[in-house]
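Here are a few friendly notes to read alongside the model. Keep the 3D view open and find each place as you go.

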Amino acid sequence: MKRIAKFEKVSLEQFTEAWTDTFGLEEEEKIETIYESVKLPKRATAGSAGYDFYAPVDIVLKPGETIKIPTGVRVWMEPEWVLKCYPRSGLGFKFRLQLNNTVGIIDSDYYNSDNEGHIFSKITNDSNEDKTVEIKAGEGFMQGIFAEYGITVDDDASAVRNGGFGSTTK
């Protein structure tokens, strides 16, 4: 196996900014407690392709509800690699839990963005069976799979990323 990446926490300052922007003002002490409990993604078994991302707090989504989750996680990876994020298989199968962008793409240069490469996940309970999704803090809700990619022989991209969603097409 190639070892091409390393997960890290973003800084407490970045996490606090993202958490406050997403959920509104909360006591700094409460946000710090959530931050301290953030678990870095891990594979469940030696044969697992996906690294499980863990919920930083309890999440309850009724059918049709959506939530944006600041994971508190960033990832350094070798150039020419990408992290693809998907819902955990069981949650997708049982509840039709969906990532709002269908597949999250984390590019290697996102790590150096102003937001420290903070990985967010926006998920929706797309249940058409009236099922409520309940994910406890510390449980896996998303999985990331590393993949190597190539470029065209005439590629001339030279721009430098600074940001997340939509930042590379501005």
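1. Start with the two helices α1 (residues 12–23) and α2 (residues 28–36), which pack at an angle of about 115°. Their axes lie 10 Å apart. Those two values are worth noting because a pair of packed helices is described by the angle between the axes and the distance between them. Please keep in mind that this is a predicted model.

2. Now look at the handedness: α1 and α2 cross in a right-handed way. Which residues make the contact? From α1 come L12, F15, T16, W19 and T20, while α2 brings I31, E32, I34 and Y35.

3. Next, turn to the loop between β7 (97–99) and β8 (104–107), where you will find T102. T102 is not a glycine, yet its phi is positive, at about 65°. Is T102 buried or exposed? With a relative accessible area of 58%, T102 is exposed, because exposed means over 50%.

4. Finally, visit the loop between β9 (120–125) and β10 (133–135), which holds D130. D130 also has a positive phi, of about 60°, although it is not a glycine. The relative accessible area of D130 is 65%, so this residue counts as exposed.

Methods. Residues are numbered from 1 along each chain as its sequence is written. This is a predicted model: local features need pLDDT of at least 70, side-chain atom pairs count only at pLDDT 80 or more; totals for chains, interfaces and linings use all residues. Side-chain values use heavy atoms; hydrogens and water are left out. Helices (H or I, at least four residues) and strands (E, at least two) are DSSP runs, numbered from the N terminus. Buried means under 20% relative accessible area, exposed over 50%, partly exposed in between (1.4 Å probe, protein chains only). Axes are lines fitted to C-alpha atoms, for helices over the stretch in contact, and angles run from 0 to 180 degrees between N-to-C directions. A crossing is left-handed if the near helix is turned anticlockwise from the far one by less than a right angle, and right-handed if clockwise. Contact means heavy atoms within 4.5 Å.
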